[in-house]
Amino acid sequence: MGIDEIWAELAPETRDWLVANNGDAIPADIAAEIDGAVDAVVADDVWASDSESPGADAADHDEPDDGDDELGARYLTDEAVDWIEELANEDDIE
C-alpha cells in the first residue's frame with residue numbers, strides 16, 4: 001500500500017503538511033496518522049528506514065551535516081516523496 005492508496009484517508013491538514021514539507025522528517029502525530037492508514041505488512045512501501053532520509057547513501061556522508069536529520073526521525077520513501085511532489089506540481093498547474 002503506497003502513499004497514493006492512503007492519501008484520501010489522511011486529514012486535509014496532514015496532506016497540506018506533507019506537500020509543504022515534502023521530504024522532511026515526519027512529526028510523530030503525522031507518522032501515527034499514516035501508520036493508522038497503512039497495513040503494517042506493507043508499511044515499507046511508505047516509510048524509508050528510520051533515522052535515514054530518503055536517497056541517503058555513502059556519497060551523502062561526504063557533505064557537511066546541515067543538522068536537518070533528526071535522530072529517530074521517520075521519512076517517507078523516495079517513491080512517496082516523488083508522488084507527493086508530482087501531485088503538488090499538478091495542483092499548481094490547475
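Ala28 lies in helix H3, where helices (H or I, at least four residues) and strands (E, at least two) are DSSP runs numbered from the N terminus. With a relative accessible area of 65%, Ala28 is exposed; buried means under 20% relative accessible area, exposed over 50%, and partly exposed in between (1.4 Å probe, protein chains only).

The model is predicted: local features need pLDDT of at least 70 and side-chain atom pairs count only at pLDDT 80 or more, while totals for chains, interfaces and linings use all residues. Residues are numbered from 1 along each chain as its sequence is written, and side-chain values use heavy atoms, with hydrogens and water left out.

The chain contains 4 helices and 0 strands, and its elements follow the order α-α-α-α from the N terminus on. Of its 94 residues, 30% count as buried. Among contacts (heavy atoms within 4.5 Å) with a separation of 6 or more, 62% are between residues 24 or more positions apart.

Side chains of opposite charge can pair when their charged atoms come close. A search of the whole structure gave 1 salt bridge, defined as a side-chain nitrogen of Lys or Arg within 4 Å of a carboxyl oxygen of Asp or Glu. Arg74 forms a salt bridge with Asp35, and the closest N and O atoms are 2.7 Å apart. Distant parts of the chain are linked by this pair, as Arg74 is in the loop between helix H3 (28-37) and H4, and Asp35 is in helix H3, 39 residues apart. Arg74 counts as partly exposed because its relative accessibility is 22%. Asp35 is also partly exposed, at 33%.

A negative surface patch is made up of Asp4, Glu5, Asp44, Asp45, Asp78, Glu79, Asp82, Glu85, Glu86, Glu90 and Asp91. Two or more of these residues come from each of helix H1 (3-6) and helix H4 (78-93). H4 gives the largest share, 7 residues. Patches are made of residues with over 30% relative accessible area and no salt bridge; like charges are joined within 9 Å, and nonpolar side chains (Val, Leu, Ile, Met, Phe, Trp, Tyr) within 5 Å. Asp and Glu count as negative, Lys and Arg as positive, and His and the chain ends are not counted. The place of a charge is NZ of Lys, CZ of Arg, CG of Asp or CD of Glu. Asp78 is located in helix H4 and counts as partly exposed because its relative accessibility is 35%.

Conventions:
Accessible areas come from the Shrake-Rupley method with a 1.4 Å probe; for residues, only the protein chains shown count as cover.
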